[in-house]
Amino acid sequence: MSLTVVEGMQSEIFVPITPEPVFTELKKPLSECKVAFITAGGIHKKSQVPFNTSGDFSYRVIEKDTPSSELMVTHGGFDNSDINKDVNAMFPIDRLHELVDAGFIGSLADETYTFMGGGGNVEKFRNETGPEIAKKLKAQGVDVVLCTGGCGTCHRSATIVTRCCEKEGMSCCVIAALPPIAKQQGAPRITAPHVPIGSNAGEPNNIPMQTAIVKESLEWVRDCPSYNQIKVLPYEYRHNV
Amino acid sequence: MSMTKEMALKHLKDPAVFCCRRQKGLKISEADLEDPDIFDDMIDSGLLTLSDDGLTVEEVLGSTLTTDVEALTPITKDVLDKVNEVSAPEPETPAPEAPAAPAPAPAAPAPVPFSSFSGKDNVMHIHIGSADHIEDLSFEIPIGPGMPPAPGMPIPTAPGETFVPAPGAPKKAEKKVIRTLIKKHIKITDAEIGTETTIKDGKITIDEGIIEKALKADPLCKSLKLDVIHPNERHIYTDTIMDICPIATKVEGVLGEGVTKVADGVVFMLTGVDEDGVQVHEFGSSEGFLDEKMYFGHPGCADENDIIIRCHAVIASKSGMTRPGPFAAHKCEDVIIQAVRDQLKTYEGEVVREEKCEDLRREGNPRVVLVKEIMGQGAMHDNVICPTEPCGVFGGQKNVDCGNVPIMLTPNQVRDGSIHALTCIGPATKEMTRHYIREPLVEGLAEDEELDLIGVIFVGSPQVNDEKMWVSERLGSLLESLDIDGCIITTEGFGNNHIDFIQHIGQAGKRGIPVVGVSFCAYQGQLVVGNKYATAMVEENMDAGGFENNIAGCSCVTKEVAARAIQMLKNKMSGVEVKPAEKKWNNDIINANNKLLGLKETVLVESGTLH
């Protein structure tokens, strides 16, 4: 039998397009660079106000000497148990200090900024939070910015803020558990380890894996030839919930 | 890409912008101008900034350029020898129609020194080799279905794109019933917590002593509390609403066939905190006053006049955002519900409604499936599939443990409570257990005499990107093997699961299967990825700001959403155009569709949410 049809219907949901390119070439050796690690994964100090899990465009200031034991996660979009075990799984602050000590990178920014990008308000992140974080990092002389996403919309927020940093003249890379989002949303550079959301920077307490993911992401900042390119990293971790 | 004369006539009042670099001395024709229909995309992608001083198409045609001008530059009077005088714009007649679709391609490509386009695969590919401050840039714009293809562009001829009835097909397909399920809705008029579990004269009494037994079901559940909330008592504080679960039980047969009794006028509501008082909160929490925190009447929610039996669980400290913690609460609640189910089995109360559900074939009609993407990411993001009792927990398999692979259920199985939701990601956008037993899309498709609903596929959304792709590939093979003429794909929640959702749409689309997508997107959940097959999409949002507003069950599949999705699918299967979406969420479009179908208006909730 033939189907009833109705003329004039319109699709109700817009499908996104990738925004304009933004790319700042890294012009000095990593060993001389000041690096900042930001995250959209809901990390904050235990003493700070937790994020609103259904959407929050505020950010928290994390001083570089903050012990990882003072950090925690507030995020409703994924299983928190990996970060509860080891905050470096999302925000590898211990690994960064080790890389400074080893001379792989020059220094860390005195303070960095963390936010909870889940369900993030696009306009607010694009026009307020992102530019503000970018300016504060630039003012500290930061050369390289690494960023972990978190959940799906976290990756969107992470990419928006990272793009702001790139526009401000820093060279940035999103370490993506969900590379299609970072790609579509226009991240300047992307590395993609095979990890679940919630342990975007590698398996909890697996120091060699976390170190390798951070190091190779830094190298991708140096080596990535052009805008929006992905490097798949050969590290795999499954969170058996 | 430049315009044809025809297109230019349509765009006389629109901004004039050079499509390519143009040199001094050029007499401007329509072939030199960019098509205004794609300006929105260009502005969004940063390629174009319109100028307040910019002239319109009719003002510049025939004028001569006095200096060289770069591509994608709005034309202003300072670069022209003259500006055409035009009469004052006529008052615009109210346009009932939404803005025009992306433009068809030109009849004859103009000289384009460093730009090119093609329209293969129903996507406009624009490539700019180089221009000032632009290097080697390509971008792609999906061309909506029904758009005339560009010259030289292959016309999509994918199999199954249009459903054509077999020659000699009967006017009305023959109905072949495979199995029947009778749902008897039994009238319940009151409930209380007492000293024994019974149902008498329409009143449910639950023995408070059962709590002790229920707690033994899982050590992570530390305490349970039961109380009854009558419809007139809803301005009462509640912790976060984890689930709404009907009381339903098999009295004959297994899930999907035989006889099921459903308590009418009463539901269980599971709420929870951990031992530290932290809400078992999902992506946003619905704690607050109950009357403000649930969209009463929506499929997953309590109805206006339902009595609510609240089961409040306290689970182990810090277990709220891990997989075992919330599950423990569901498991213990199920022990209590089972005691009531056992009473309902033998209770001979008033049958307020008898619902006859049929699994059937309507051979000759278009074969369709419904794909429901459900969460499968641990924490609260899991679902129990096919428990022993309708809407139960015991006896079912967890979606995560099944590897999130696509699982086919019959429409009757779904309508008999095959899914117990351990749901997450946002009170407003999650589908709770009650949703599935009366899913409007399942009911709508199953009852549609023009279609042949083959089944309902549940597919989990894994938390690892590689696994999302893997699961989606499996779904694609399944869709192909079913030899379907169309499908509707839905997802609860928003964010990372939209990767799989869009991937699933692609799996159908690339096989030439007409596909309609259904999700909450609006403002906060706007798609994070997309592809060219996502051209017929239905929005679930009912929040005024387009946010996850923490009102349980607010933005989910409703009867209206289902009706729009089914109609869009019929249009697609018949080759009738569904116009491309606007660039931003706009509830007017949704209501225009509602109006076309004679559906009630989508009235948005002013929640004041602004994260």
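Predicted model: local features only at pLDDT ≥ 70, side-chain atom pairs only at ≥ 80, totals over all residues.
In chain A, helices α3 and α4 make a right-handed crossing.

**α3 and α4 of chain A**
- The two axes, from α3 (residues 122-139) and α4 (residues 152-167), come within 8 Å and cross at roughly 45°.
- That angle falls between the cut-offs of 35 and 65 degrees, so α3(A) and α4(A) end up oblique to each other.
- On the α3(A) side, the contact is made by Val122(A), Phe125(A), Arg126(A), Thr129(A), Gly130(A), Pro131(A), Ile133(A), Ala134(A) and Leu137(A).
- Facing them from α4(A) are Ser157(A), Ile160(A), Val161(A), Cys164(A), Cys165(A) and Lys167(A).
- Sorted by class, this contact has 10 nonpolar, three polar and two charged residues.

**α10 and α11 of chain B**
- Here the axes of α10 (residues 465-481) and α11 (residues 497-510) come within 9 Å, crossing at roughly 30°.
- Since angles under 35 degrees count as roughly parallel, α10(B) gets that label relative to α11(B).
- α10(B) passes α11(B) with a right-handed crossing.
- From α10(B), the contact residues include Met469(B), Val471(B), Leu475(B) and Leu479(B), and among their partners in α11(B) are Ile499(B), His504(B) and Ala508(B).
- The class tally for this contact is six nonpolar, six polar and two charged residues.

**A closer look at α10 of chain B**
- With 17 residues, α10(B) reaches 25 Å from first C-alpha to last, close to the 24 Å expected at 1.5 Å a residue.
- Its buried residues are Asn465(B), Glu467(B), Lys468(B), Val471(B), Ser472(B), Leu475(B), Gly476(B) and Leu479(B).
- As a general point, an α-helix has 3.6 residues a turn, so residues three or four places apart point the same way.
- The buried residues of α10(B) pack against α5 (179-185) of chain A, and within chain B against β15 (367-375), β20 (452-461), β21 (486-491) and α11.
- Just after the helix, Asp483(B) has a positive phi of about 55°.

**Pro299 of chain B**
- You'll find Pro299(B) in the loop between α5 (290-293) and β13 (307-315) of chain B.
- Leaving out residues up to four places away in sequence, Pro299(B) touches Arg434(B), His435(B), Arg438(B), Glu439(B), Pro440(B), Cys556(B), Val557(B) and Thr558(B).
- One of these, His435(B), is 136 residues away in sequence, yet its C-alpha sits 4.8 Å from that of Pro299(B).

How values were computed:
Residues numbered from 1 in each chain as written. Chains lettered and ligands numbered in written order. Helix = DSSP H or I, 4+ residues; strand = E, 2+ residues; numbered from the N terminus. Contact = placed C-beta atoms within 7 Å. Axes fitted to C-alpha atoms, helices over the stretch in contact; angles between N-to-C directions. Parallel < 35°, antiparallel > 145°, perpendicular 65-115°, else oblique. Left-handed = near helix turned anticlockwise from the far one by under 90°. Nonpolar A, V, L, I, M, F, W, Y, C, P; charged D, E, K, R; others polar. Expected span 1.5 Å × (residues − 1). Buried ≥ 20, exposed ≤ 12 C-beta atoms within 10 Å, placed from the backbone.
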